[in-house]
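Reader: I am new to this structure. Can we go through its helices and a few of its residues, one question at a time?

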Amino acid sequence: MITGTSGGLGSLIARRLADHPDRTDHTDRTDRPDVRLGTRAPDGAGQVRVDFDDPDSLDFTGVDTLLLISAGYGEDDQVIARHGAAVSAAERDGVRHVVYTSLTGAGDHLPYALAHRWTERRLRGSGLAWTVLRNGLYAELLAALASPGPDGVITAPLGAGRLAAVAREDLAEVALRVALAPDAHAGQVYELVGDRPLGGTDLAAAVGARYAPGSLARARSALSGPDAAAFQPPMLVATYSAIAAGFLDTPDDGTLPRLLGRPPHPALEVYARTAAPSGPTDPGPAPPSPAPPSPARGYLPAVAGGV
């Protein structure tokens with residue numbers, strides 16, 4: 001079973017099932033008899049209701065491997081409760097192996113890391129086999145947080161920092177590969193980040209913009225719109241801050257291409273393809289309704305790892 005298949009990462013994983021080498025029907029459908037697609041609101045073949053905010057509804061009976069996509073953005077107590085309910089249901093219903101999309105270890109300075117580390121500890125203390133995919137921050141997230149304004153200026157407060165961003169598509173492929181052959185990855189913790197740390201000048205050059213970083217205070221003000229939940233502005237400002245301070249610039253050590261079986265997609269190309277202009281004085285995009293792009297959305301992850 002794959003959870004969170006209506007989210008960004010989970011939906012990519014589900015779509016990749018149609019292209020997996022063990023498919024025999026060569027159709028575009030993501031339904032297959034040996035995989036269930038978990039979502040809050042199922043509306044298609046192979047989909048089942050999985051709502052971590054309704055623990056009594058969770059039913060993993062017959063599931064051998066659970067690909068647990070980190071369960072959305074929220075305060076720590078909400079996310080921990082969701083993940084705890086999922087792991088408890090997996091134990092109760094006889095799941096053998098859980099593959100969990102977590103957050104890169106370099107992200108321990110980020111406020112949304114705690115729920116991920118709690119979940120990793122919960123899995124280690126369970127009777128389940130497990131694999132942890134510590135996903136880096138998405139290149140797509142970087143595009144959302146550091147797009148040029150209409151005046152062609154990127155004012156995101158990244159300072160001189162750099163981010164080893166990774167394409168969400170690559171993380172989806174790794175997750176599927178691991179989940180379809182989990183025994184080879186039992187007990188492993190994989191750090192999955194980009195191979196080239198990107199700074200503001202790199203981003204500007206990629207889209208023909210100019211980089212003039214603003215302040216964290218301006219970022220907080222721009223992100224604190226009426227549609228933002230209370231936890232969101234500090235979460236995103238902390239992401240800017242961690243990048244600027246150089247805590248997220250450690251590049252891939254070869255793990256990502258080894259698990260992919262190919263070179264990863266260049267994060268800078270993903271950024272350039274997905275970056276969109278924001279307001280002329282914003283240090284990042286104003287948060288859309290209902291939530292700004294979040295590393296904890298799976299990334300969630302959460303910013304990484306999550307839905």
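Reader: At what angle do the axes of α6 and α10 cross?

Author: This is a predicted model. The axes of α6 and α10 come within 9 Å. They cross at roughly 55 degrees.

Reader: Is α6 oblique or roughly parallel to α10?

Author: Angles under 35 degrees count as roughly parallel. The axes of α6 and α10 cross at roughly 55 degrees. That makes α6 oblique to α10.

Reader: Which residues of α10 does α6 meet?

Author: From α6 come Asp202, Leu203, Ala206 and Val207. The residues of this contact divide into six nonpolar, no polar and one charged.

Reader: Where do the buried residues of α10 lie, seen down the axis?

Author: The buried residues of helix α10 (residues 267–274) are Ala267, Leu268, Val270 and Tyr271. Seen down the axis, they fall within an arc of 160 degrees, so they line one face of the helix.

Reader: Is valine 153 buried or exposed?

Author: Valine 153 is found in strand β6. Its relative accessible area is 8%. Buried means under 20%. Valine 153 is therefore buried.

Reader: How far apart are the C-alpha atoms of valine 153 and alanine 212?

Author: Leave aside the neighbours of valine 153 within four places in sequence. Valine 153 is then in contact with Ser147, Pro148, Arg210 and Ala212. Along the chain, valine 153 and alanine 212 are 59 residues apart. Their C-alpha atoms are separated by 6.6 Å.

Reader: Are α1 and α5 oblique or roughly perpendicular to each other?

Author: The axes of helix α1 (residues 8–16) and helix α5 (residues 168–180) come within 9 Å. They cross at roughly 60 degrees. Roughly perpendicular starts at 65 degrees. The two helices are therefore oblique.

Reader: How do the residues of the contact of α1 with α5 divide?

Author: On the α1 side are Gly8, Leu9, Leu12, Ile13 and Arg16. They meet Arg168, Glu169, Leu171, Ala172, Glu173, Ala175 and Leu176 in α5. The contact residues divide into seven nonpolar, one polar and four charged.

Reader: Is α2 roughly parallel or roughly antiparallel to α3?

Author: Helix α2 (residues 76–93) and α3 have their axes 9 Å apart. They pack at an angle of about 20 degrees. Angles under 35 degrees count as roughly parallel. That makes α2 and α3 roughly parallel.

Reader: Which residues of α3 make the contact with α2?

Author: On the α2 side are Asp76, Val79, Ile80, His83, Gly84, Val87, Ser88 and Glu91. The contact residues divide into seven nonpolar, four polar and three charged. Those of α3 are Leu114, Ala115, Trp118, Thr119, Arg122 and Leu123.

Reader: What separates the C-alpha atoms of tyrosine 112 and valine 79?

Author: Tyrosine 112 is found in the loop between β4 (97–103) and α3 (113–124). Tyrosine 112 is buried, with a relative accessible area of 6%. Tyrosine 112 and valine 79 are 33 residues apart along the chain. Their C-alpha atoms are separated by 9.5 Å.

Conventions:
Residues are numbered from 1 along each chain as its sequence is written. This is a predicted model: local features need pLDDT of at least 70, side-chain atom pairs count only at pLDDT 80 or more; totals for chains, interfaces and linings use all residues. Side-chain values use heavy atoms; hydrogens and water are left out. Axes are lines fitted to C-alpha atoms, for helices over the stretch in contact, and angles run from 0 to 180 degrees between N-to-C directions. Helices (H or I, at least four residues) and strands (E, at least two) are DSSP runs, numbered from the N terminus. Angles under 35 degrees count as roughly parallel, over 145 as roughly antiparallel, 65 to 115 as roughly perpendicular and the rest as oblique. Contact means heavy atoms within 4.5 Å. Ala, Val, Leu, Ile, Met, Phe, Trp, Tyr, Cys and Pro count as nonpolar, Asp, Glu, Lys and Arg as charged, and the others, Gly among them, as polar. Buried means under 20% relative accessible area, exposed over 50%, partly exposed in between (1.4 Å probe, protein chains only). The arc is that of the directions from the helix axis to the C-beta atoms.
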